[in-house]
Amino acid sequence: MRVEQLDKLHVKAGAVRAEGRAPAWALPAARAALVAGDALVATACFVGAFVMREGARVLAAHAGGGWTWSARFAPYAAVLAFVVPVRVLANAYYDLYRLRGEFSYVDDAARVFKATAVASLLIVAVAFMFRGVTTFRSFSYSRAVFLLDFLFALASYGLLRLAARAAQSAFRRKGINLIPTLVVGRGAEASLCVREMRARPELGYRVIGVVENGRLGAGVPEEFEGVPVVAGVEQLAETIRETRANEVIITDPKVAGDLLFEVMMRVGRNRGVEFRIAPSLFNFLPRKTEIDQIGALPMIRLFREPLSGAARVAKRGFDMLISSAALVLLAPLWLVIALLIKLDSRGSVFYRQERVGMDGRVFLFLKFRTMRADADDAAHREYQRKLIAGQPDVNLGDARRPVYKLRDDPRVTRVGRALRRLSLDELPQLINVLRGDMSLVGPRPPIPYEVEAYELWHRKRLDMKPGLTGLWQVSGRNRLSFDEMVRLDLFYIENWSLLLDLKIILRTLPVMLRGDDAY
């Protein structure tokens with residue numbers, strides 16, 4: 001029986017075996033090219049900083065023929081010997097040569113800044129602390145040269161990484177440089193995982209098979225979300241070898257820990273296979289917990305205020321600063337949009353609606369009007385009721401690319417469609433942010449009749465001020481079901497930080513420009 005199962009596994013897994021990946025030499029060659037590029041950039045930036053600050057030549061003709069360092073540059077040439085290796089090693093330390101798996105332009109930018117800053121500090125230390133052991137003991141280095149070198153390097157490395165990632169995304173959209181991935185489980189997390197990786201190949205993954213948490217039998221379908229179910233979890237190790245998968249994502253929390261550990265020991269180290277766990281948020285304790293003690297008994301306090309007093313002040317200050325600047329800079333755009341709305345259809349420029357904010361407080365929500373003035377909301381009410389209840393007919397797309405939003409809404413005007421596609425109809429909410437009704441980042445504010453249909457756990461998303469943008473907008477938007485959206489909101493509330501807010505804002509901009517999932 002065991003032999004028969006392995007034969008079937010061999011046939012099924014072999015059918016989805018990962019083929020057509022980049023040649024084995026491609027990624028090492030790309031990394032080597034990046035290292036060489038970084039070394040050239042380090043040299044060019046340092047030399048360029050010297051020339052800009054000192055206005056002197058770098059090379060001079062040698063008396064015996066040929067070229068040598070000029071007298072002005074010779075002390076800096078001694079430092080240049082450290083500049084190149086220090087910058088390359090700093091980039092390697094901050095993982096800037098990783099080309100495998102998912103990447104983020106925001107995270108890359110943060111790593112470039114850290115690597116450049118740390119390397120610059122080390123270079124300055126080399127120049128000013130160890131010049132005593134060189135022949136230039138009495139030479140005084142210009143601090144402006146090192147400052148310019150830092151600025152040049154920061155800009156150059158940022159542009160180089162941007163170009164490299166853009167090229168990588170283009171290759172991935174053609175099916176190149178994708179990691180063959182197995183997904184274990186067939187639940188909601190598995191479904192979301194498969195759909196997201198299919199819809200966004202630039203993430204760097206290609207799901208080649210689903211592994212059932214149990215045995216394959218009559219009740220197990222041939223496919224799940226369009227991906228073949230290749231084996232049961234007991235054959236996971238053999239499946240990894242047969243399919244040549246490089247990544248395994250565990251989405252079912254009921255997978256036996258002992259079995260998973262055994263598989264990791266058998267194939268993980270020897271084959272370079274990585275294992276990830278995609279847990280449901282409600283299977284684990286929240287991040288923002290506190291350890292208390294009652295007498296001699298230690299206790300874990302699960303639910304506390306999402307933001308401390310200091311965090312609230314910091315978030316509010318951040319909101320005021322950014323929203324004020326945005327209102328001033330975008331004022332001409334407001335005038336253009338207002339004119340287009342007036343020319344397109346009768347009615348007010350702004351649309352005002354009651355929305356539910358933090359702790360259930362109702363406030364007046366502002367948008368640019370995108371619908372006809374006499375529009376009826378009955379269809380939207382019914383759709384939202386079904387969406388919150390999780391009824392299957394609310395998916396107006398298909399299994400491969402779901403859409404959880406009314407499409408081709410006849411109430412929307414021509415200008416309104418364009419505004420919605422670019423999310424420009426949301427700009428008046430900057431006024432709501434200044435008033436204190438909303439924040440720049442947070443859960444989207446629901447309509448009162450939507451809240452009436454909430455389950456109890458849905459109401460946890462009202463624990464924080466609603467936002468103009470949020471984790472949902474940059475993580476799938478209308479491809480996500482209502483429950484998935486709420487889980488993202490709760491994750492944001494539990495893991496809030498100013499850095500997270502900044503990342504979401506920066507990721508919102510390309511989503512707006514692409515018009516992602518506006519309908």
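**Entry 1: a hairpin**

I started at the hairpin of β5 and β6, which has 2 residues between the strands, and found Glu-225 there with a positive phi near 55°. I noted that most residues other than glycine have a negative phi. The model is predicted, so I kept its limits in view: local features need pLDDT of at least 70, side-chain atom pairs count only at pLDDT 80 or more, and totals for chains, interfaces and linings use all residues. Residues are numbered from 1 along each chain as its sequence is written, and side-chain values use heavy atoms, with hydrogens and water left out.

I wrote down what the element names stand for: helices (H or I, at least four residues) and strands (E, at least two) are DSSP runs, numbered from the N terminus. Two strands pair if DSSP finds at least two bridges between them.

I then looked up how β5 meets β6: 2 bridges join them, and they run antiparallel. Phe-224 stands opposite Val-227 in β6.

**Entry 2: the sheet**

In what order do the strands of the open sheet of 6 strands come? I read the order as β5-β6-β4-β3-β7-β8, with mixed pairing. The edge strands are β5 (223-224) and β8 (274-277), and each pairs on one side only. In general, strands of a sheet pair through backbone hydrogen bonds, either parallel or antiparallel.

I followed β6 to its other neighbour. β4 and β6 pair in the parallel sense over 3 bridges, and Glu-212 has Gly-232 in β6 as its bridge partner.

Next I checked how covered β6 (residues 227-232) is. I use "buried" for under 20% relative accessible area, "exposed" for over 50% and "partly exposed" for in between (1.4 Å probe, protein chains only). In β6, 5 of the 6 residues are buried, so this strand is largely enclosed by the rest of the structure.

**Entry 3: strand β3**

Why does β3 count as largely enclosed by the rest of the structure? The reason is that 6 of the 6 residues of β3 (residues 179-184) are buried. I looked at both faces: Ile-179, Thr-181 and Val-183 are buried on one side, and Pro-180, Leu-182 and Val-184 are buried on the other.

I then went through the partners of β3. It is joined to β4 (residues 205-212) by 6 bridges, and the two run parallel. Thr-181 stands opposite Val-207 in β4. With β7 (residues 247-250), β3 pairs in the parallel sense over 4 bridges. In that pairing Leu-182 is opposite Val-248, and Val-183 is opposite Ile-249.

I also traced the path from β3 to β4. β3, helix α6 (residues 188-199) and β4 make a right-handed β-α-β unit. Right-handed here means that, with the strands pointing away from the viewer, the path from the first strand over the helix to the second runs clockwise.

**Entry 4: helices**

How do α4 and α5 pack? Helix α4 (residues 105-129) and helix α5 (residues 143-173) pack at an angle of about 150°, with their axes 9 Å apart. That makes α4 roughly antiparallel to α5. Angles under 35 degrees count as roughly parallel, over 145 as roughly antiparallel, 65 to 115 as roughly perpendicular and the rest as oblique. The axes are lines fitted to C-alpha atoms, for helices over the stretch in contact, and the angles run from 0 to 180 degrees between N-to-C directions.

By class, the contact of α4 with α5 has 15 nonpolar, 4 polar and 6 charged residues. Ala, Val, Leu, Ile, Met, Phe, Trp, Tyr, Cys and Pro count as nonpolar, Asp, Glu, Lys and Arg as charged, and the others, Gly among them, as polar.

I turned to α7 (residues 236-243) and found that 6 of its 8 residues are buried. Among them are Leu-236 and Thr-243. After α7 comes Arg-244, whose phi is positive, near 60°.

**Entry 5: single residues**

Asp-95 is in the loop between α3 and α4. Its phi is near 65°, a positive value in a residue other than glycine. At 36% relative accessibility, Asp-95 counts as partly exposed.

Ser-423 is in the loop between α12 (414-421) and α13 (429-435). Its phi is positive, about 60°, although Ser-423 is not a glycine. Is Ser-423 buried or exposed? At 10% relative accessibility, I count Ser-423 as buried.

Glu-452 lies in the loop between α14 (448-451) and β14 (467-469). Glu-452 is exposed, with a relative accessible area of 65%.
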